[in-house]
Amino acid sequence: MGQHSENIRYAIVDIETTGGYATGSGITEVAIRIHDGQQVIERFDSLINPQQPIPLYIQAMTGITPDMVADSPSFNELAPQIFSLLDGCVFVAHNVNFDYSFLKHYLELAGFSLAVPKLCTVRLSRKIRPGLPSYSLGRLCDALGIPIRNRHRAGGDAEATAILFGKLMEWDAQGNLTEMLKKKSKHQQLPPNLPKDQFDTLPQSPGVYYFRDRGGKIIYVGKANNIYSRVAQHFTGHNPNPQRQHFLRNIHSITYERCGTELMALLLEAAEIKRHWPAYNRSLKRFEPKYALYAYEDHAGYLRLAIGKHSRNHQHTHLFHNQLDAVNLLHQLIDKFDLHPQYCTFSGPRPLAGKPAVDPPEIHNQRVQRALDYLANELPTFAIFDKGRDETEVSCVWVENGKLHGMGYISQFADIGSPEAAKEMLTPYISNRYMMQLIFHYAQKHPAKIWRPGGDIPR
């Protein structure tokens, strides 16, 4: 028998539901087995009227039909009894966060606050019996010779989990259970499919981290000043909303890329979201440019400027996050280069008076070309030199004519005869407006870290 305190009681729980998340689904069945560390000493089983439809595929899987629960008590009627069983116990379940999120949510709606330690038999099995082909309850019990009767019914699954739990306690010569129950242990906060050693080896430094699904596909990209702490924040709390529950269940591994500074992490995060378009990233997707300035020649030979929705399929001259910025720039070009508004298309905040005459194409086009040259050449060129990932290197962000050329890390021992030579050592990136806002804001805030043509590299 592994280590166990005689004062600890375990509530081994299984539930059946109408769906996968607590806030939008109901509970159809609850089974609780109270275990004293030696054996099951009390059992509770009840069907529950979820007071909502049971999807056909759930009926097919569990065998629980609307007729079966029509005369069953509601959760509120059973809440006092369920709470009294769980309160003061360690909450044990296979994929514990699922069952816990449902019962905590519905107990709170009934006026009870559940706050007990959790223990996940998926995670405990991985620690005590590593290397098995699957840790789903059915396959795990098959591999360990544990019978399951009434599969996908709360009582049958709870009985099997109780037998599994007893065997794990017997096999736990290393004290894994005790370690997982320590208050500061991260085991119970982690998603059930994420190996703890991957979490434990995350660095406490700036960088970008990637959550991956079972097949290794990136499903979320994030940035952090401290990768370890930021990743841990994703797994705290018991938010029952569907996006969070699906998100946690889909995390099977974490990879990361260390960065020298927060700016490098922010830029890499934005570039990687744009490259991978992960399913669970939402906020940075909003920063894609929405408007663009286009230049084209009409049938009469006049070079025209037009503001329009950004399209990846059309060559643009300049990108904008919002329409107002685009319109304001076009107004500036009209005023600065004396362009005729008849050949500048946009819907602006103020009308422009038309001119009485139109210049011939060769004169008009020269003015438009000067405006385009101004946009191409008058935008700033500079580089930000900052801390690297360690003392042997520096980070560099290179901006060419107002657009990100590239970024990366340069060895302190590299032979770069001029600052411009550093540009060739960087990884090219295509920027968006959000990334350029980050860069320009950082450059204004840290002028001592900026190199401009003709200057020396900042030290």
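Which residues in helix 12 meet which residues in helix 16? Leu 263, Leu 266, Leu 267, Ala 270 and Ala 271 in helix 12 meet Tyr 434, Met 435, Leu 438, Ile 439 and Tyr 442 in helix 16. Contact here means heavy atoms within 4.5 Å. This is a predicted model, where local features need pLDDT of at least 70, side-chain atom pairs count only at pLDDT 80 or more, and totals for chains, interfaces and linings use all residues. Residues are numbered from 1 along each chain as its sequence is written, and side-chain values use heavy atoms, with hydrogens and water left out.

**Helix 12 and helix 16**

- The contact of helix 12 with helix 16 divides into ten nonpolar residues, no polar and no charged.
- Nonpolar covers Ala, Val, Leu, Ile, Met, Phe, Trp, Tyr, Cys and Pro; charged covers Asp, Glu, Lys and Arg; the others, Gly among them, are polar.
- Helix 12 spans residues 262-276 and helix 16 spans residues 433-445.
- Their axes come within 10 Å and cross at roughly 170°.
- Axes are lines fitted to C-alpha atoms, for helices over the stretch in contact, with angles from 0 to 180 degrees between N-to-C directions.
- Helix 12 and helix 16 are therefore roughly antiparallel, a label for angles over 145 degrees.
- Helices (H or I, at least four residues) and strands (E, at least two) are DSSP runs, numbered from the N terminus.

**The largest pocket**

- The largest pocket holds about 990 Å³ of space.
- A pocket is an open set of points on a 1 Å grid over the protein atoms alone, where a 1.4 Å probe fits, with protein on both sides within 12 Å along at least five of seven lines; lining residues have an atom within 4 Å of a point.
- Its volume is the space filled by probe spheres set on the points, which are joined across faces, edges and corners.
- The lining has 30 residues, and His 94, Asn 95, Ser 136, Arg 151 and Arg 249 lie nearest the centre.
- Strand 1 gives the most to this lining, with four residues.
- The lining divides into ten nonpolar, eleven polar and nine charged residues.

**Single residues**

- Asn 150 sits in the loop between helix 6 and helix 7. Its phi is near 60°, a positive value in a residue other than glycine.
- Asn 150 is exposed, at 58% relative accessibility.
- Exposed means over 50% relative accessible area, buried under 20%, and partly exposed in between (1.4 Å probe, protein chains only).
- Trp 277 lies in the loop between helix 12 and strand 9. Trp 277 is partly exposed, at 43%.

Definitions and conventions
Parallel < 35°, antiparallel > 145°, perpendicular 65-115°, else oblique.
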